[in-house]
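Morning, everyone. I have one structure to walk through today, in two parts. Please bring it up on your screens.

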Amino acid sequence: METRTLAMRNLLKILGFFCLWIMVEAQMKIPPETVQQWASVFSVELQDFTTKYSGSLLLQKKLKDVESIIRIVELNGADFLRDYSEEIERMLGSKMKSVKRLAESAEDADLYHEFNTSLQFDYYNSMLINTIDENGNYVELGGEFPLEENEHFNNLPVNTLQSNIQVPTNVYNKDPKLLNAIYNSEALNDVYINNFQRDPTLTWQYFGSSFGFFRIYP
């Protein structure tokens, strides 16, 4: 098998050298005028191709349509870079403040909460919201959860007034430890809304608990 592979490689090498020799011989016999003609034809075809698929003519037309209402302004690169970096710093600073408010609220809620082994309350489970059983009733932990399409969230149906809980399928959704942790995190709902009102550029806000759930807004 190795002998056949080696022989095949040698044959390919010979063919490669032969093709290269033919190309060199052919190039030596091609008149310069022919090469120039080929180059001219190729350049015309290349220009036609790029013009057709780049949309350059359409762009030129659109620029001509607005030529009377636009103006060229010379910018200082250093000033532009400084302004841009300051804007990025402000934006990231705002996001960091939102996260800090969430962290502080979660810590305070946990600090003042007393564990209750018999705690019972309903919460909105994101996997069950607006789910109706065969009798026309909302399933447990589902309930009516109004959703409206929101352009800021890619036109997805969301609720900007209420957060909900996502519990993995392998976690019992009525476990006392889980319920106490979810009850604690109820304090974050107002923080979510307040963050969004302060910074409308915010999108999704999350809180992940070591007890195995996510609180999601919106």
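Start with the nonpolar surface patch, about 470 Å² in area. Five residues make it: Leu59, Leu63, Val66, Ile69 and Ile70. Bear in mind that this is a predicted model.

Take one of them, isoleucine 69. Where does isoleucine 69 lie? In the loop between helix H3, residues 56-65, and helix H4, residues 77-111. Is isoleucine 69 buried or exposed? Exposed, because its relative accessible area is 68% and the cut-off for exposed is over 50%.

Now the sheet. The sheet is open and has three strands. Their order is S3-S5-S4, and the pairing is antiparallel. Which strands are at the edges? Strand S3, 164-166, and strand S4, 205-209. Each of these edge strands pairs on one side only. From one strand to the next, the twist averages 25 degrees.

Look at the S4 and S5 pair. S5 covers residues 213-217. S4 and S5 are antiparallel, with five bridges between them. Within this part, serine 209 stands opposite phenylalanine 213 of S5.

Next, the helices against the sheet. Helix H5, residues 176-185, lies across S3, S4 and S5. H5 runs at about 25 degrees to S5. Helix H6, residues 188-198, also packs on the sheet. H6 touches S4 and S5. What angle does the direction of H6 make with that of S4? About 155 degrees.

To recap: a nonpolar patch that includes Ile69, and an open sheet of three strands with H5 lying across S3, S4 and S5 and H6 packing on the sheet. That's it from me.

Definitions and conventions: Residues are numbered from 1 along each chain as its sequence is written. This is a predicted model: local features need pLDDT of at least 70, side-chain atom pairs count only at pLDDT 80 or more; totals for chains, interfaces and linings use all residues. Side-chain values use heavy atoms; hydrogens and water are left out. Patches are made of residues with over 30% relative accessible area and no salt bridge: like charges are joined within 9 Å, nonpolar side chains (Val, Leu, Ile, Met, Phe, Trp, Tyr) within 5 Å. Accessible areas come from the Shrake-Rupley method with a 1.4 Å probe; for residues, only the protein chains shown count as cover. A salt bridge is a side-chain nitrogen of Lys or Arg within 4 Å of a carboxyl oxygen of Asp or Glu. Helices (H or I, at least four residues) and strands (E, at least two) are DSSP runs, numbered from the N terminus. Buried means under 20% relative accessible area, exposed over 50%, partly exposed in between (1.4 Å probe, protein chains only). Two strands pair if DSSP finds at least two bridges between them. Axes are lines fitted to C-alpha atoms, for helices over the stretch in contact, and angles run from 0 to 180 degrees between N-to-C directions. Contact means heavy atoms within 4.5 Å.
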